[in-house]
Amino acid sequence: MLKDDQFQSAHTSDRNLALDLVRVTESAALAASRWMGLGKKNEADGAAVTAMRKAFDVVQIAGTVVIGEGEMDEAPMLYIGEKVGAGGPAMDIAVDPLEGTNLCAKGGPNAMAVIALAERGNFLHAPDIYMDKIAVGGHLPADVVDLDAPVEENLRNLARAKKCAVSDLVACILDRERHAEIIGRTRAAGARIMLISDGDVAGVIATVQPESGVDIYLGIGGAPEGVLSAAALRCADGQMQGRLIFENDEQIARARQMGITDPNHKFDILEMARGDVMFAATGVTGGAMLRGVRRFGHGASTHSLVMRSKSGTMRYIEAHHNYATKPWASN
């Protein structure tokens with residue numbers, strides 16, 4: 001058992017680390033925001049990656065990237081396996097320096113910089129392939145929905161748990177041709193749908209934000225984004241399941257190398273993000289979850305969210321960055 005002074009030290013350390021993570025996502029969001037609406041998604045992503053990697057240099061962790069920008073030969077930095085941080089406790093890191101590159105390039109809503117952190121070995125090492133997902137918010141009966149259950153059954157069970165009609169529910173789904181059937185069945189069941197063009201991390205997190213109006217997330221998106229989403233939901237008592245979608249034997253072999261032995265396994269939220277988890281995100285463009293970066297003559301403002309599974313808190317942080325006193329910060 002921790003003594004009072006040890007508890008206070010650990011508590012303060014956790015809080016400081018959570019704030020450090022926000023500084024990392026702020027740096028990435030500020031860098032990406034310079035490319036907002038310019039139609040250059042690769043440049044926006046590159047700026048976010050560079051800024052996020054630099055910001056890690058002062059974070060007091062011995063971090064290893066487990067969800068990142070790809071393999072070493074695919075990405076110059078924030079690649080899977082890269083060591084980051086200034087030294088400290090051993091941590092696994094999941095990052096998406098610019099979630100929603102197309103959204104940023106087009107000036108669309110919900111582009112953001114995202115990071116999740118957990119003690120070593122507590123994140124699923126997911127290859128960069130697709131994942132079928134289902135997610136709902138907090139304060140619901142365990143296993144209220146199931147990835148293998150029919151859409152109609154999941155909607156009925158969720159409505160019963162929420163003490164409402166199916167017609168009161170809103171499902172968030174990526175607007176893709178592959179989702180034509182699930183969209184049709186959701187509508188036929190009587191539920192309403194919020195179709196999003198990109199950014200399924202924001203779509204999943206919306207299920208734990210009452211003001212979003214989203215009750216359930218359905219459909220196929222990126223597997224790395226699935227791990228990031230699971231980390232966020234762990235901090236907010238949400239529920240999530242996912243199954244990797246393999247397109248060829250090469251992808252199955254890659255997953256086996258990462259420790260995934262059963263290609264048909266249905267992962268629950270604790271298999272994707274275990275232990276004490278921290279999550280931070282900073283808006284690049286505005287949306288239902290976060291306001292975007294606002295630039296002005298001598299600086300900029302950012303709006304961020306930081307969550308911790310240990311405390312179950314969701315904190316919103318508005319920061320004003322004054323470049324007049326720190327001109328290097330505008331780079």
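Me: Which residues is Gly 222 in contact with, leaving aside its neighbours within four places in sequence?
Reply: This is a predicted model. In it, Gly 222 is in contact with Ile 129, Tyr 130, Met 131, Lys 133 and Asp 200. Each has heavy atoms within 4.5 Å of Gly 222. Gly 222 itself is found in strand β8, residues 216-222.

Me: Why is Gly 222 called buried?
Reply: Its relative accessibility is 16%. Buried means under 20%. So Gly 222 counts as buried.

Me: What makes the pair Asp 200 and Lys 133 a salt bridge?
Reply: The N to O distance between their side chains is 2.5 Å. The cut-off is 4 Å, from a side-chain nitrogen of Lys or Arg to a carboxyl oxygen of Asp or Glu. The pair meets in a salt bridge.

Me: Where in the chain are these two partners, Asp 200 and Lys 133?
Reply: Asp 200 is in helix α6, and Lys 133 is in strand β5, residues 130-136. They are 67 residues apart, and the pair links distant parts of the chain.

Me: Are Asp 200 and Lys 133 buried or exposed?
Reply: Asp 200 has 5% relative accessibility. Lys 133 has a relative accessible area of 1%. The limit for buried is under 20%. Therefore Asp 200 is buried, and Lys 133 is buried.

Me: What makes the contact between the side chains of Asp 198 and Arg 176 polar?
Reply: The two side chains make this contact at 3.2 Å. A polar contact takes a pair of N or O atoms within 3.5 Å. Asp 198 has its place in the loop between β7 (192-196) and α6 (200-205).

Me: What does UniProt say about Asp 198, Asp 200 and Gly 222?
Reply: In an unreviewed entry, the UniProt annotation "binding site" covers residues including Asp 198, Asp 200 and Gly 222. From the annotated set, the lining of the largest pocket takes in these three, among others.

Me: How do you know that Asp 215 and Lys 162 form a salt bridge?
Reply: Their closest N and O atoms are 2.7 Å apart. The rule asks for within 4 Å. Asp 215 lies in the loop between α6 and β8 and Lys 162 in helix α4, so the pair ties together parts that are 53 residues apart in sequence.

Me: Why is Asp 215 called buried, and why is Lys 162 called partly exposed?
Reply: Asp 215 has 11% relative accessibility, so Asp 215 counts as buried. Lys 162 has 31%.

Conventions. Residues numbered from 1 in each chain as written. Predicted model: local features only at pLDDT ≥ 70, side-chain atom pairs only at ≥ 80, totals over all residues. Heavy atoms only, no water. UniProt positions renumbered as here; feature names shortened; annotations may be inferred. 1 Å grid on protein atoms, 1.4 Å probe; cavity = no way out; pocket = protein on both sides within 12 Å on 5 of 7 lines; lining within 4 Å. Helix = DSSP H or I, 4+ residues; strand = E, 2+ residues; numbered from the N terminus. Polar contact = N/O pair within 3.5 Å; in protein donor to acceptor, adjacent residues only side chain to side chain. Buried < 20%, exposed > 50% of the residue type's maximum accessible area, 1.4 Å probe, protein only.
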